[in-house]
Amino acid sequence: MAQTALIAALGTFDGVHLGHAFIIEELKREAQTIGMVPAIVTFSSHPLAVIRPERAPELLTPLHSKLKMLRERAKTIVLDFDSTMRSMSAYDFMTMLRDAYNVHAMLLGYDTRFGHDRPTEFADYVALGAKAGIDIRKAGEYIGEDTPICSSRIRTALKNGETDLANRMLGHRYTFAGTVTHGKQLGRTIGYPTANIAPECDRQLVPAGGVYAVYAKIEGISTVFPAMLNIGTRPTVDNTPEAPRTLEVHILDFADNIYGKRIEIEFIDRLRDECRFNSLDELKAQLGRDAEATRSRLGIR
């Protein structure tokens, strides 16, 4: 049986944000129009990690999370961007997609560029595609609230603590996952036990320091818990220049032992900066206010 031809959209798709969702929906419509199967072509790592490692951005989505979201939308092809692929021209890359994956059409976003020669004009890709036997089509540009939307703007928003803006551009909640590890357990002595989180992906972007209203999903438990998260160096209890940055989550109205479990944090809103208090009593009082602010922001009584 002959393999059905594919029409592909190419990109890093980091974050799988609203702009990406728009392209994927256009891809599906084009596929239906020309009788091909829609396919997303992405990479196992960001190309800049090979081309210019010092400029490679922090990730919005670890690979497994990105692929899960993409595969829910369309057939997904994952390429390893290595030195061989880096040396391919746009034409060579197209012929590789045609021969290896039966790609016979491509939908290019308004800013899509590829190949070591990186043609800049859409007409150049059309001409190269005709030579390679690939029909090149042009996607529209997503227009909506907070546009233009791109992964770099979302990274900037998160680094500024603007989680609400980041979530709007993503079209879903920014999520960070890790394993619960043992900490100094100071929180339990003042009535606010916290779970320390060791990130499962050291390349993923950690938002700006401060206190956040979040939701927590714990491995093996179906309930989604309201929680407050602190990102920072804990200056009240560890006021040293070399203090490491930590992620500590206090799950509201929850006291189970979850050491060693995987936890996902969904960011909702940044409540305040991290700050140093003069005593543990002052810290405890502020944590009480943070808990109330978290309940209010999450709509919990």
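Predicted model: local features only at pLDDT ≥ 70, side-chain atom pairs only at ≥ 80, totals over all residues.

Leu271 belongs to strand E11, which spans residues 262–272. Once neighbours within four places in sequence are set aside, Leu271 is in contact with Val211, Tyr212, Ala213, Asp290, Ala293 and Thr294. Leu271 and Tyr259 are separated by 12 residues in sequence, and their C-alpha atoms lie 26 Å apart in space.

Ile263 illustrates the contacts involved: beyond its neighbours within four places in sequence, Ile263 touches Phe176, Ala177, Gly178, Val180, Ile197, Ala216, Lys217, Ile218, Val249 and Ile251.

Phe93 directs attention to the aromatic residues. The structure holds seven aromatic pairs. One of these joins Phe93 and Phe114 in a tilted arrangement, with 5.4 Å from centre to centre and 50 degrees between the planes. This pair links distant parts of the chain, since Phe93 is in helix H5 whereas Phe114 is in the loop between strand E4 (103–108) and helix H6 (122–132), 21 residues apart. Phe93 counts as buried because its relative accessibility is 5%, under the 20% limit. Phe114, at 6% relative accessibility, is likewise buried. Ring pairs join Phe93 and Phe114 with Tyr125 into a cluster.

Two lysines are also placed over aromatic rings. Lys131 lies over the face of Tyr91, at 4.6 Å from the ring centre. Lys138 lies over the face of Phe122, at 5.4 Å from the ring centre.

Which loop holds Ser89? Ser89 is found between helix H4 (83–86) and helix H5 (90–101). With a relative accessible area of 14%, Ser89 is buried. Its side chain reaches the backbone nitrogen of Asp92 at 3.0 Å. Not counting residues up to four places away in sequence, Ser89 touches Gly115, His116 and Asp117.

How many disulfides does a search of the whole structure find? The search finds zero. Among the cysteines, Cys150 is partly exposed, with a relative accessible area of 26%, whereas Cys201 counts as buried at 15% relative accessibility.

The view may now be widened to the chain as a whole. The chain contains 10 helices and 11 strands. Its C-alpha atoms fill a box of roughly 70 × 40 × 35 Å, taken along the principal axes. Of its 301 residues, 47% count as buried. Among contacts between residues at least 6 apart in sequence, 72% join residues at least 24 apart.

Note on methods: Residues numbered from 1 in each chain as written. Heavy atoms only, no water. Helix = DSSP H or I, 4+ residues; strand = E, 2+ residues; numbered from the N terminus. Buried < 20%, exposed > 50% of the residue type's maximum accessible area, 1.4 Å probe, protein only. Polar contact = N/O pair within 3.5 Å; in protein donor to acceptor, adjacent residues only side chain to side chain. Contact = heavy atoms within 4.5 Å. Disulfide = S-S within 2.5 Å. Phe/Tyr/Trp six-rings, centres within 6.5 Å; stacked < 30°, edge-to-face > 60°. Lys NZ or Arg CZ within 6 Å of the ring centre and 35° of its normal.
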